[in-house]
Structures are given as structure tokens and as C-alpha cells.
Amino acid sequence: MDAKTIDDTPQEGRVGLFSGIGRVLSNLFRREIKEGAEDLEEIINTVLAAEKAQFAPDYHSIQTFCCVIGDNNDIHRSVPHAARHGYSDIIVPGTQLAAMSEQYINGVTKALEEVWGVSLILGGINIEFREPLYPGNPINWQVVDHRGNGTGIELTIEGKANDMEVITAVAKLIREKYSELPRLIGEPEGTDRYTIRETDLDAFYRSIGEEPKAKIPWSYTTSFVTSILLDMSRGGDRTPSGINRRMEFEFYEAPQLGKIAVDVYLKRNPRKIRDNFLYQFDAVCSQKHRPLTYGKIIVISDKEFKTSQD
């Protein structure tokens, strides 16, 4: 299912790309670089430069994913509807791509921990969607850059299909988890409650090409943000509409099975771009009054969303 291949970039090219990552980790964890660290860094470079041919979503997995998270956007369900928006087929949901990227990032994080002997926490992911992915096309994931920022290390990941960049993700690996949410002003524009069940969790994992696990992915909870925005986008024909452009989320408390509360806040008035509207929302997912995730999402839609400012 998860075929792994190594790219044909010369070893010296890979080492150059990730040169210094060992020192970044040493500074982050206040450890002296050990004897033989150059060899250890080479191992890390090779691990990070590995390319992974990931699961190719098909029609069934796309429909399963949409059903689990409550995404009722016809652009993922109806070929004629997708064609009216300029696509040759239905497209894979951005949230499904985000979930796949999280699984790849988890694998990279585990490899770093095993090689370097440190414990890293996935503190957040910033995602930009660049090109659509169609059913049946595998996506190749690869770490292409790294940067230390004083509190952790950021890994830039690219997901490509047919030599086109589909998605870029920046994973924030930190030493200690975030504890305080930024202050949110005003009342939420949208509020809803969703439930994560064990059977749905299994289906979520299978829809992204993974064997079921007990751990609930962060991307499961953040996917609900898109679902609530789709409900807000329903126009006079009651048909939801919208495409993710960017998602930036920080992670706080790990989600558990049960009810998830989702609140979205309009960050600024929408910007008109030709016949579409560009929106930016802040969003919080919580459980039993504990914050799970906080972040922002940028979406574009051919319909105006229903907000309190209408």
C-alpha cells in the first residue's frame, strides 16, 4: 500500500539540501553534537530525502472520507458539477490531502526520533493547496527543506502528482506543546458539533490509505472546519460551494472519541476576485471545553457566505 522509493538525487546533493539539521536539533535540545555526528547527519539527510509513493485516492475512498467528516461539496461527488467549475473529474478534498500529509509527517518525525534519539511533538501544520488531485493518481511526498526557529524545527514537505506540485505543507516540530490560545474577539460566525466514533475513525484511516489506529489524527478535527464553512456557503439553491486555498493550524490537546465543538470567526470582510469571493476565517476545535486546535483557513467560493454581517 505504501510503496517507498528513493529519488535519484546524488547523495552529496541530498546532504547539501539538509546540511546543518543535526546542529539545529542539537541546539533545540541543548545537546552536544556527538562523535560521529557527521555520519548521523548523513543518515538523517538520507531519511528526509526519501520519497514516498503514497496511496492514490479512488472514487470510493473520496466518498468515504467526505461522508466521515460531513463534507457535502458536490465538487467531490459529481463529475458534471466539477466540470462546471473547470475540472475534468471530481477532485480529491483538500482535507483528505491534508490528512495524508499528516501521516507522512508522522513517519518522518518517527524516523528523526529514532535516528537522533529525541522526542519531537507535531505542533502544527501550514498547508497550501496548489493544484487539484484527481481520483486514481498517486501523490509522492518529499521533505524539501528545513529551518530552525528557536522553539523547534520546520520541515517543508511537497506532495507531487504527475510532476505537478499539488500541496505544500510546513510541519512545525517542537519540544513542548503549545499551551495558550490566541485571544479571539467577538462571537463566532458559525458553530456546530461533530462526533468522532470508533467506526468512523477506522473509515477515516482507510480512506487515506492507512491501517486503522487508536490515535485520532489532528487532521480529523480540522476537517470539520471545512464542513461547517460549506454549510455557511449554501446559497439560494441550497448547494454548498467552496475550495480550500490555505490552512494553518496549531495543535494543543489530543482529541478523543466523542463530540467535537467547532467555532469559526470571520477574520475580515471577503475580497471579490472576478466572480468569486475570498474569505479568511479563524477556527477553534475543542472538546469538553479543552482547545484541541486553533488556526485559520482561506477559502474561495462563487457564493457569498451567510455571516452576521449580512
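The model is predicted: local features need pLDDT of at least 70, side-chain atom pairs count only at pLDDT 80 or more, and totals for chains, interfaces and linings use all residues. Residues are numbered from 1 along each chain as its sequence is written, and side-chain values use heavy atoms, with hydrogens and water left out.

Helix H4 spans residues 59–69. Helices (H or I, at least four residues) and strands (E, at least two) are DSSP runs, numbered from the N terminus. The buried residues of H4 are Ser61, Ile62, Thr64, Phe65, Cys66, Val68 and Ile69. Buried means under 20% relative accessible area, exposed over 50%, and partly exposed in between (1.4 Å probe, protein chains only). The cover over these residues includes helix H6 (94–116), strand E7 (190–196), helix H7 (198–207) and helix H8 (218–232). Gly70 follows H4 and has a positive phi, near 80°.

The axes of H4 and H8 come within 9 Å and cross at roughly 85°. H4 is therefore roughly perpendicular to H8. Axes are lines fitted to C-alpha atoms, for helices over the stretch in contact, and angles run from 0 to 180 degrees between N-to-C directions. Angles under 35 degrees count as roughly parallel, over 145 as roughly antiparallel, 65 to 115 as roughly perpendicular and the rest as oblique. Phe65, Val68 and Ile69 in H4 meet Tyr220, Ser223, Phe224 and Ser227 in H8. Contact means heavy atoms within 4.5 Å.

The structure holds eight aromatic pairs. Rings of Phe, Tyr and Trp (its six-membered ring) pair if their centres lie within 6.5 Å; planes under 30 degrees apart count as stacked, over 60 as edge-to-face and the rest as tilted. Phe65 and Phe204 form a tilted pair, at 5.3 Å centre to centre and 40° between the planes. Phe65 lies in H4 and Phe204 in H7, so the pair ties together parts 139 residues apart in sequence. Phe65 is buried, at 0% relative accessible area. Phe204 is also buried, at 0%. The rings of Tyr104 and Trp141 are stacked, because their planes lie at 20° with centres 6.3 Å apart. Tyr104 is in helix H6 and Trp141 in strand E4 (residues 140–148), 37 residues apart. Ring pairs also link Phe65, Tyr194, Phe204, Tyr205, Tyr220 and Phe224 into a cluster.

Glu248 lies in strand E8 (residues 243–251). Glu248 touches Ile125, Asn126, Tyr294, Gly295 and Lys296, not counting residues up to four places away in sequence.
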